[in-house]
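Me: I'm new to reading protein models, and I'd like a close look at a single part of this one. Could you take me through it step by step?

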Amino acid sequence: MSQVVRTRPDGIGQALSEAYDTALLDLDGVVYAGGSAITYAVESLGTARAGGMHLAYVTNNALRTPETVAAHLTALGIPTGAGDVITSAQAVARLISEQVPAGARVLVIGGEGLRVALRERGLEPVESADDDPVAVVQGYGGPELPWGRFAEASYAIARGVPWYASNTDLTIPSARGIAPGNGAAVQVVRIATGAEPRVAGKPLPPMHRETILRTGAERPLVVGDRLDTDIEGAFNGEVDSLLVLTGVTDGAQLLAAPPQHRPTYVDADLRGMLTGQPEVVVAGAGFRCGGWTATAGGERLELDGEGEALDGLRALCAAAWTAAGEGSCELDGGKALARLGL
């Protein structure tokens with residue numbers, strides 16, 4: 001893959017579903033939220049698939065197996081096979097299998113997704129530090145994971161057993177709001193042991209490698225809602241990305257994004273896969289997209305014009321990211337975003 005990663009949402013004349021052969025879609029905040037499909041997701045994905053785009057679902061959640069995830073998506077109206085789902089459990093299991101002998105015992109701190117992924121790689125999941133594991137793997141185990149599991153991990157790590165983590169997302173969305181994710185649980189073990197795990201999930205290379213190996217994508221487009229996992233993962237993998245605003249990222253976070261968190265494209269939801277993206281052009285001292293022109297002033301971002309809110313956001317991104325260069329934009333964009341209702 002020799003694509004050049006762009007650092008602002010440049011325009012493209014054809015639909016993204018036609019320009020890229022595979023969509024690597026995050027799930028929580030992109031396809032569903034709280035278990036229910038996000039508005040326009042089912043229809044948009046169906047249209048993209050019918051047009052020939054391969055859809056793959058890439059999740060840092062190591063709790064559920066690919067079969068379970070596929071069944072959930074199919075029930076939502078998105079026909080999916082287990083082979084179309086790639087999890088951080090699979091990525092970390094491959095990482096471990098490359099470091100330990102076949103058939104080795106691995107202490108599991110997490111759910112069934114980890115156990116299935118380890119068995120797929122020819123490893124034996126065990127439950128106790130006294131079972132002579134050669135590695136410890138930690139992944140999201142759901143809200144009912146007993147506190148004693150963290151102690152079990154700590155005992156093994158203190159004995160010198162290598163520690164791996166599926167991912168380090170601090171939070172995870174739920175039907176009732178934002179809950180602690182696997183990263184919060186990893187922090188508990190880190191405090192107890194002083195150790196650092198090897199991590200496989202987004203945004204790190206093992207997850208991207210697992211995704212490409214399993215999908216065979218040649219022109220992939222990462223589609224996500226998180227800057228620090230989805231978009232940074234695309235940056236690290238040197239592929240293009242689409243940020244949708246149906247999840248955790250808001251306009252202020254987007255404008256402040258450092259280079260590794262800047263998506264190629266921005267859209268409201270998954271309907272953005274079915275269209276092109278408008279061009280952002282230099283306009284005097286600022287940047288214009290649609291009917292909006294954005295400039296970077298001394299202390300804040302300025303926005304003039306009218307039109308589609310997303311065009312204004314794209315213009316603001318160009319102004320903010322150009323002003324910030326290789327850093328994060330510290331200019332106040334609050335007033336400009338308020339004009340857009342974002």
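Which residue in β17 does Val281 stand opposite?

Reply: Happy to! Keep in mind that this is a predicted model. Val281 stands opposite Arg288 in β17. That pairing belongs to the contact between β16 and β17 (residues 286-289), where 3 bridges join two strands that run antiparallel.

Now step back to the whole sheet. It is open and has 4 strands, in the order β16-β17-β18-β19, with antiparallel pairing. At the edges stand β16 (281-283) and β19 (301-305); each has a single partner strand, so one side of each is left without a neighbour in the sheet. From one strand to the next, the twist averages 30 degrees. As a general point, strands of a sheet pair through backbone hydrogen bonds, either parallel or antiparallel.

A helix joins the picture too. Helix α11 (residues 309-324) packs on the sheet and touches β17, β18 (292-296) and β19. The direction of α11 makes about 25 degrees with that of β18.

The largest pocket has a volume of about 590 Å³. Its lining has 30 residues, and Tyr140, Gly142, Pro143, Ile172 and Pro180 lie nearest the centre. By class, the lining of this pocket divides into 16 nonpolar, 11 polar and 3 charged residues. Helix α7 (182-193) gives the largest share of that lining, 4 residues.

There are also 2 cavities of 30 Å³ or more in the whole structure. The largest cavity has a volume of about 210 Å³ and is lined by 19 residues. Ile172, which is among the residues nearest the centre of the largest pocket, is also among those nearest the centre of this cavity, along with Asp28, Asn60, Asn61 and Asp169. The lining of the largest cavity holds 4 nonpolar, 8 polar and 7 charged residues, and its largest share, 3 residues, comes from β10.

The second largest cavity holds about 140 Å³ of space. Among its 15 lining residues, Val58, Lys202, His208, Val222 and Asp230 lie nearest the centre. The classes here are 9 nonpolar, 3 polar and 3 charged. Helix α9 supplies at least two residues to the lining of this cavity, and at least two to that of the largest cavity as well.

Note on methods: Residues are numbered from 1 along each chain as its sequence is written. This is a predicted model: local features need pLDDT of at least 70, side-chain atom pairs count only at pLDDT 80 or more; totals for chains, interfaces and linings use all residues. Side-chain values use heavy atoms; hydrogens and water are left out. Two strands pair if DSSP finds at least two bridges between them. Axes are lines fitted to C-alpha atoms, for helices over the stretch in contact, and angles run from 0 to 180 degrees between N-to-C directions. Contact means heavy atoms within 4.5 Å. On a 1 Å grid over the protein atoms alone, a cavity is a set of points where a 1.4 Å probe fits but cannot get out, and a pocket is an open set with protein on both sides within 12 Å along at least five of seven lines; lining residues have an atom within 4 Å of a point. Grid points are joined across faces, edges and corners, and a volume is the space filled by probe spheres set on the points. Ala, Val, Leu, Ile, Met, Phe, Trp, Tyr, Cys and Pro count as nonpolar, Asp, Glu, Lys and Arg as charged, and the others, Gly among them, as polar.
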